[in-house]
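Please have a look at it first.

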Amino acid sequence: MKKSDYEKNSITLPGAVAMGTGVMIGAGIFALTGQIAELAGPLFPLSFVVGAIVTAFSAYTYIKMSNVYPSAGGIGMILKKAYGPTTVAAGAALLMALSMVINESLVARTFGTYTLRAFGGDPDSILVPVLGVGLIVFAYLVNVSGNRSVGLLSVIMAILKVGGIALFGAAGLWASGISFEASGGDFRAGGFVASVALSILAFKGFTTITNSGAEVTNPHRNVGRAIVLSIAICVVVYLLVAFAVGSSLPLDRLVAAKDYALAEAAQPALGQTGFYLTVALALVATASGLIASVFAVSRMLAMLTDMKMIPHSHFGMPGTIKDHTLVYTVVIAGFLTVFFDLSRIASLGAFFYLVMDMIIHFGVFRHLREEIGARGWVLLTAIALDAVVLAAFAAMKWQSDPLIVVLGAIGMALVFLFVGIFLARNPAPEGAHDHH
């Protein structure tokens, strides 16, 4: 892959913000609100606040690195600079890519679930993964058409859904008389801390911007700005919607409808019209989120291939490495969409992302903090917060679904084993392509 494969200055600041919010709102609100409420209990709106605080500490590392070294490989570049072309760097980068692909399958199944709700279908129907895979194919076709199509579509859809979801939240609060119905149930500190893992997952879409750094206009300034703006927009939207949902439904109904919580909350608050408008918003949000995520993941995998840190085979396909990695991305996302349910997909994504995030902060703290002017205490705080949340989430899941904890641990071990064997046989040169 050559540098010419990337379209410099093809993503504006609004386009980058739209990408970040597109990925975040696609998963964060529609797929995760009910699951967060299930863990956090009646204080579930506060989980989004704590998640935003933890994300802010994490984002500091990415912003500092992107301001100095904007790259189309984003996270892969950060890890390579921190650890060199090693198994740790390649494995953690692959964990990030996989967590993003997992997120795509989460969003795809959410699209299928909300589509069926519009027609009164069963959310456990086989049609859920079928519709999800259909959306993944659509996202692939949009991405094949080029960066500017992705950027323009992201901006249009982001405006529609941020405005629409904010209106849903405000209307839901007004219709309910601003009374919080989701007050039943017991508060458990461990469950609340565990829920923050999913809240963080709802914000991690900001890394989409990091992974497209070399293609953003004036990247040394705009990548950081886009990250801050997208997180700020999302925390406001998440809180508004969380309170609106909590005002419409008691906690037990919210948990029972966790895979389609917003649609369930819209009906008592806003009537049948509100229900259909919410479903329409969900479809716009999930579709735009998937398009933006597929765009970023395929670039990241192409960059890792270019760095000689992961193997590549074109399997007889024409085109560039970037075209091939786009196909790999949608195939893996489609597989997960078919074989995993929403809860397990979200759990797997949280495990992979939090482990990768800690590896990045530690590497930057050890090797790069002076070079990029980062404050050590912020990096150490980010590591500590991630570790506490990961431990609480793993402990909670071990009690309710130990298989997903085992699968997560085995999955991470296999990732590092896979890249370790590849790099032992094909050592990556130290100077392999940093792509500034």
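Is the crossing of α4 and α14 left-handed or right-handed? The crossing of these two helices is left-handed, a term used when the near helix is turned anticlockwise from the far one by less than a right angle, with right-handed used if it is turned clockwise.

Before I go further, a word on what we are looking at: this is a predicted model, in which local features need pLDDT of at least 70 and side-chain atom pairs count only at pLDDT 80 or more, while totals for chains, interfaces and linings use all residues. Residues are numbered from 1 along each chain as its sequence is written, and side-chain values use heavy atoms, with hydrogens and water left out. Helices are DSSP runs (H or I, at least four residues), numbered from the N terminus.

To stay with that pair, the axes of α4 and α14 come within 8 Å and cross at roughly 45°, where axes are lines fitted to C-alpha atoms over the stretch in contact and angles run from 0 to 180 degrees between N-to-C directions. α4 and α14 are therefore oblique to each other, given that angles under 35 degrees count as roughly parallel, over 145 as roughly antiparallel, 65 to 115 as roughly perpendicular and the rest as oblique. The contact (heavy atoms within 4.5 Å) involves Ile75, Ile78, Leu79, Ala82 and Tyr83 on α4, with Met356, Ile359 and Phe362 among the residues on α14. By class there are 10 nonpolar, two polar and no charged residues in it, with Ala, Val, Leu, Ile, Met, Phe, Trp, Tyr, Cys and Pro counted as nonpolar, Asp, Glu, Lys and Arg as charged, and the others, Gly among them, as polar.

Helix α4, residues 75-83, also packs on α5, their axes coming within 9 Å and crossing at roughly 160°, which means that α4 is roughly antiparallel to α5. This crossing of α4 and α5 is right-handed, and Ile75, Gly76, Leu79, Lys80 and Tyr83 of α4 meet Val88, Ala89, Ala92, Ala93 and Met96 of α5.

Helix α5, residues 87-118, in turn packs against α6, residues 127-144, at about 120°, with axes 7 Å apart, so α5 is oblique to α6. That crossing is right-handed, and Phe111 and Leu116 of α5 and Leu131 and Ile136 of α6 are among the residues that make the contact.
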